[in-house]
Amino acid sequence: MEFETRRLILRPFRQEDVDLLAPLMANTDFMRFSLGAFTPEQTVAFLDKLIDWERRGLPSQFAVIHRNDNRLIGYCGFFHQQVDEMDEIEIGYRLNRDYWSRGLATEAARAVRDHGFRDLKLPRVISLIHPDNLPSRRVAEKNGMKIERKTVFRGFPTLVFAITREQWLAECAAE
Ligand SMILES: CC(C)(COP(=O)(O)OP(=O)(O)OC[C@H]1O[C@@H](n2cnc3c(N)ncnc32)[C@H](O)[C@@H]1OP(=O)(O)O)[C@@H](O)C(=O)NCCC(=O)NCCS
């Protein structure tokens, strides 16, 4: 499935994206609040995982294409996570620094959230965010999510932001 928003195209990843994704994932700004810069081999494994989810009909990440210049500027979509021994669907996002602070992550995350509830009928989605990651916290808030709790995820202090299908429906009705 592919989506258009005002300024973006969100489309499934394909194998040939590796040449565009590898330089992004080698960049420390792009990889902030995660495991650090990826080697080309790590990016290949990451991309294989996303494409495998897609093939198996599972929620996955989308390549984020900026419509004005047709560049692949990052990813936004779903991850499968285990948090405190519960299976969760996470909305995650990373963008090329040149495109930060224009509302683009919010635009992408809202489209992904709406797709998750409208088309995939997910009961709830979360975002896992380091407390110091203020821009990402803001994106989650603008995506209608609320802090549910604090936990430790992969050894890092982490805020669990969440929105349920019922909360999303209420937000849609109010708009
Ligand atoms: C998180 C990220 C995707 C946000 O992308 P973006 O397109 O700049 O996000 P938006 O423009 O939609 O929204 C960012 C919001 O954070 C705010 N913000 C930015 N820097 C901030 C700061 N230092 N302190 C507080 N708020 C800040 C912006 O003002 C904006 O909020 P506003 O609309 O209320 O003004 C981008 O910073 C990124 O790729 N970071 C590295 C990867 C990452 O951290 N991903 C998330 C992992 S949980």
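**Ligand shell and pockets**

Reader: Which elements each supply at least two residues of the shell around the ligand?
Author: β5 (86-95), α3 (104-118), β6 (124-129) and α4 (134-142). Helices (H or I, at least four residues) and strands (E, at least two) are DSSP runs, numbered from the N terminus. This is a predicted model: local features need pLDDT of at least 70, side-chain atom pairs need 80 or more, and totals for chains, interfaces and linings use all residues. Residues are numbered from 1 along each chain as its sequence is written, and side-chain values use heavy atoms, without hydrogens or water.

Reader: Which element gives the most to that shell?
Author: α4, with 6 residues.

Reader: How many residues surround the ligand?
Author: 22, and Ser101, Gly103, Thr106, Arg138 and Lys142 are the closest. A residue counts if one of its heavy atoms lies within 4 Å.

Reader: Where is a polar side-chain atom of arginine 138?
Author: It lies 2.7 Å from an oxygen atom of the ligand. A polar contact here is a pair of N or O atoms within 3.5 Å.

Reader: And serine 101, what does its backbone do?
Author: A polar backbone atom of serine 101 is 2.6 Å from a ligand oxygen.

Reader: Switching topic. Which pocket does the ligand sit in?
Author: The largest. Sitting there requires more than half of its atoms within 2 Å of the pocket's grid points. A pocket is an open set of points on a 1 Å grid over the protein atoms alone, where a 1.4 Å probe fits, with protein on both sides within 12 Å along at least five of seven lines; lining residues have an atom within 4 Å of a point.

Reader: What does β5 give to its lining?
Author: The largest share, 6 residues.

Key. A polar contact is a pair of N or O atoms within 3.5 Å; within protein, one must be able to donate a hydrogen and the other to accept it, and residues adjacent in sequence count only if both atoms are side-chain atoms.
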